[in-house]
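Subject: Structure handover

Hi,

Here is the structure we talked about. Please open it alongside this note.

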Amino acid sequence: MAFDIEMIKKVYERLPKNVAKAREILGRPLTLSEKILYTHLWDGEPTKAFLRGKDYVDFAPDRIACQDATAQMALLQFMQAGKEQVAVPTTVHCDHLIQAKSGAKVDLKNAKETSNEVFDFLGSVSNKYGIGFWKPGAGIIHQVVLENYAFPGGMMIGTDSHTVNAGGLGMLAIGVGGADAVDVMAGMPWELKCPRLIGVKLTGKLSGWTAPKDVILKVAGILTVKGGTGAIVEYFGDGAISMSCTGKGTICNMGAEVGATTSTFGYDDSMERYLRATGRDEVADLANVVREDLTGDAEVYANPEKYFDEVIEINLDELEPHINGPFTPDRATPVSKMREVATANGWPLDIEWGLIGSCTNSSYEDISRAASIAQQAVDKGLATKAEFGINPGSEQVRYTIERDGFIKTFEDLDAKIFTNACGPCIGQWARAGAEDQKKNSIIHSFNRNFSKRADGNPNTHAFVASPEMVAAIAISGDLGFNPMKDTLVNNKGEEVKLDAPTGWELPPLGFDVEDAGYEAPAADGSGINVSIADDSKRLQVLTPFQAWDGENITGAKLLIKALGKCTTDHISMAGPWLRYRGHLDNISENCLIGAVNAFGEEVNQVKSQLNGEVGAVPATARAYKAAGVPSIVVGDHNYGEGSSREHAAMEPRHLGVRAVIVKSFARIHETNLKKQGMLGLTFAIESDFDKIQENDTFNFIDLNEFAPGRQLTLEIVHANGSIENVSLNHTYNASQIEWFRYGSALNKIKADNK
Ligand code: MIC
Ligand code: SF4
């Protein structure tokens, strides 16, 4: 059964018309991305060409997906918007709050006990407002979306940066903060700066050990963690067509790691096969009718340099499997070079864990290929040297791989089968011994490997690879192992070699599931009461942020000048802190505690200008706030890289920070700051970052003239009384300045509703 088929029909009705119109206006053939963008304009038919990288455009996304860790804050905000129902189809997925420890059964039971209050809250809010609810254990949001909701040519937003996964089914799916989702749930347009377009031409065909994951590991190496910022990455070429739909999903998924707004592929036979295999013949039949509008125009793909802002070409025949890491997903090393590179850098070669799963790589194909390696190990008398953990992507995948014997294969290798959930990928992993902070290496098929992410240990070197490569390296227990050349010694003392993986794009016997874990909302939810206990530690009704008084901010102090990489994991750590995602005051205790202070180079040690004492970031911020002293945060490049979590913007806001001034921002985080009524600014001259000293006082001397396109001036008063002015850039348009005036975008919605 396909969900929301009427909505999909409407999209396909207007697609050919809008595409033809856009082609006429632009006067040239179109990329797929443009076709989808121009079919989802808030104002209906296209009337003008938008300037890429410049114009803000209002869009009307078709649907919204939220996961449990971000949905809490999104729904707490939506509840304040004064609406009876969500305006577009929306789903909530319980996947982040389940810790991996002993195995699926026990872990799921524990999660239901410990997070019962939150799951109940999400379930009842969903029921009340017409939101589809996927229970704990149903699977990871992006896998469930791909299996049930994604459709070629659609546009969706989701409160998770890996929403982009749905590009594997030819969608434009974009990760946003909760406040953006609230706009769309409340029936308002969703605004995005018209993205640049990067074309990736794939030639040749994957074979042997090389997997779709290697395409994106390679692309990450080329583009780096910020090379995709503000851009849609569109893949095309014979190589694209020859890959499975879920493989395309993997590639789009990790587009988040290069900062891309989203990634996508044109509709093709692999997508049709996937739609049919997942019970959506109706969607496939509808898509087939408008097939040529669901991919880029032939002229575009024949001469990509003319139509994309940047073109990358990768020959899949020559692509070698890669391993990326440690600590950043763009550090790409071909498998054949790993031993040399790891040795030169002092990375531990012993692999302690191999983890397969996450929204990136937990499809039937992924598991079947990894299982083929595991089976060989069993057949060839090899025992695994590292420990193994598997998180299936959805209950449908889990049920089917169990039926087809793959779970048993992994269990024969003593693997732990964890819940269909994020688990170790988001630090929900009770890894025995992690507290010892020992230097060690692990390898996984996830997308992110920032410091401390999986097990909280800053000395865990996490490496990212395809599921089949994770299986091989975990079996060998050796990061430098190259399964294409090297041999292993089995229990009879013989040297054996692993053959290249084999697998199935889709289950030969079809997918199967008993209870997929879905709960449809009540048709009329008006009588449903959502209650939050006053003394709850997990949930807190939001108090609106204060509106701006129209005055210049003066006398501000530096809360922290964050040195180097400062991702959302540094700003608002996940793992154990996920439990406070619905309680702003409690979660604010993790505010910036992972960021390295430029003065002293320690984490969570900052000097208070109130009394000169060095203390934790949250406590120092609270003291400034209590004293009525505004504070600012200063940061480096790509500040806020990583997650969509708006907590990274709300926490500093809650703690009295007024401005975040950096060399550059990651897209979602910059928007999140704006939404929450903060000033997110960048140094006009990058090196002015160096002028910021620990004991400075800061005055915004022309904030009262805050206007689109107009620089702001920051007066820095150094401790010795000398003064320097620096210019700050911003990207606020007129309506975003309104959010700042009102104190937040939500305050503005509420005011408009009155
Ligand atoms: C992640 O992968 O970092 C997360 C957890 O899925 C986040 C969302 C969150 O912080 O809740 C994301 O990618 O947006
Ligand atoms: Fe979950 Fe990891 Fe995917 Fe984020 S990246 S949605 S934590 S599996």
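**Backbone and ligand notes**

Lys452 is partly exposed, with a relative accessible area of 32%. The model is a predicted one. Lys452 sits in the loop between strand S17 (440-444) and strand S18 (460-464). Its phi is positive, about 70 degrees, although Lys452 is not a glycine. Most residues other than glycine have a negative phi.

Phe327 is another case to look at. Its phi is near 70 degrees, again positive in a residue that is not glycine. Phe327 is found in the loop between S12 and S13.

Now the cis bond. The peptide bond from Gly325 to Pro326 is cis, with omega near 0 degrees. Most peptide bonds are trans. Pro326 belongs to the loop between strand S12 (322-324) and strand S13 (332-334).

Last, the ligand site. Which residues surround ligand 2? The list is:

- His96, Ile140, His142 and Asp160, among others
- His162, Ser358, Cys359 and Cys422, also part of the shell
- Cys425, Ile426, Asn447 and Arg453, which belong to it too

By type, the shell around ligand 2 has five nonpolar, five polar and two charged residues.

Best wishes

Methods:
Residues numbered from 1 in each chain as written. Chains lettered and ligands numbered in written order. Predicted model: local features only at pLDDT ≥ 70, side-chain atom pairs only at ≥ 80, totals over all residues. Heavy atoms only, no water. Near = heavy atom within 4 Å. Nonpolar A, V, L, I, M, F, W, Y, C, P; charged D, E, K, R; others polar. Helix = DSSP H or I, 4+ residues; strand = E, 2+ residues; numbered from the N terminus. Buried < 20%, exposed > 50% of the residue type's maximum accessible area, 1.4 Å probe, protein only.
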